[in-house]
Amino acid sequence: MTWRFTASCLTVALAAASLLVTTPAEASPGVCYLKSYDNPLISGTEKYLVPEYDLSYGMTDYCVAGLQRQINHRYGKQLAADGIYGPRTRDWVTRIQRDSQYSWCAGGADGIAGPRTISCFEHVNGYTEW
């Protein structure tokens, strides 16, 4: 009897804990959690809206779709804005990070769209869509 009670309590406790442990990356479709970011490599006082977390290969997220729309706005329809950070999205992010127009403020070319890369892209293009 005690074992069943303990197992039941453990099951309920684990279920409750799993409900409490959520991250913005697990956001529901259509939600992109943003934060204000001041890129230290860009002079001035302007702040940029960037996702609360880095966007990287393998992610499926609404913020990825926003990044894909921004790339399409700047370069024409290059990517499906499907929210999947696959090889083509990673290649475009790396290309942007290496481009002399952005490399001075993107913070390096690693294929990860972090706050420096995204704020730099927004700064140069003057366009944000999340």
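**The largest cavity and its lining**

Author: The element with the largest share of the lining of the largest cavity is α5, with 3 residues. This is a predicted model, in which local features need pLDDT of at least 70, side-chain atom pairs count only at pLDDT 80 or more, and totals for chains, interfaces and linings use all residues. Residues are numbered from 1 along each chain as its sequence is written, and side-chain values use heavy atoms, without hydrogens and water.

Searching the whole structure gives 1 cavity of 30 Å³ or more (on a 1 Å grid over the protein atoms alone, a set of points where a 1.4 Å probe fits but cannot get out; lining residues have an atom within 4 Å of a point). The largest cavity holds about 50 Å³ of space (the space filled by probe spheres set on the points, which are joined across faces, edges and corners). Its lining consists of Leu67, Ile71, Val93, Ile96, Ala113, Thr117, Ile118 and Phe121. Two or more of these residues come from each of α2, α3 (87–98) and α5 (115–125) (helices are DSSP runs of H or I, at least four residues; strands are runs of E, at least two; both are numbered from the N terminus). By type, the lining has 7 nonpolar residues, 1 polar and no charged (Ala, Val, Leu, Ile, Met, Phe, Trp, Tyr, Cys and Pro count as nonpolar, Asp, Glu, Lys and Arg as charged, the others, Gly among them, as polar).

Within α5, the buried residues include Thr117, Ile118 and Phe121 (buried is under 20% relative accessible area, with a 1.4 Å probe and protein chains only). Among the elements covering the buried residues of α5 are α2, α3 and α4 (100–106).

Key
1 Å grid on protein atoms, 1.4 Å probe; cavity = no way out; pocket = protein on both sides within 12 Å on 5 of 7 lines; lining within 4 Å. Buried < 20%, exposed > 50% of the residue type's maximum accessible area, 1.4 Å probe, protein only. Contact = heavy atoms within 4.5 Å.
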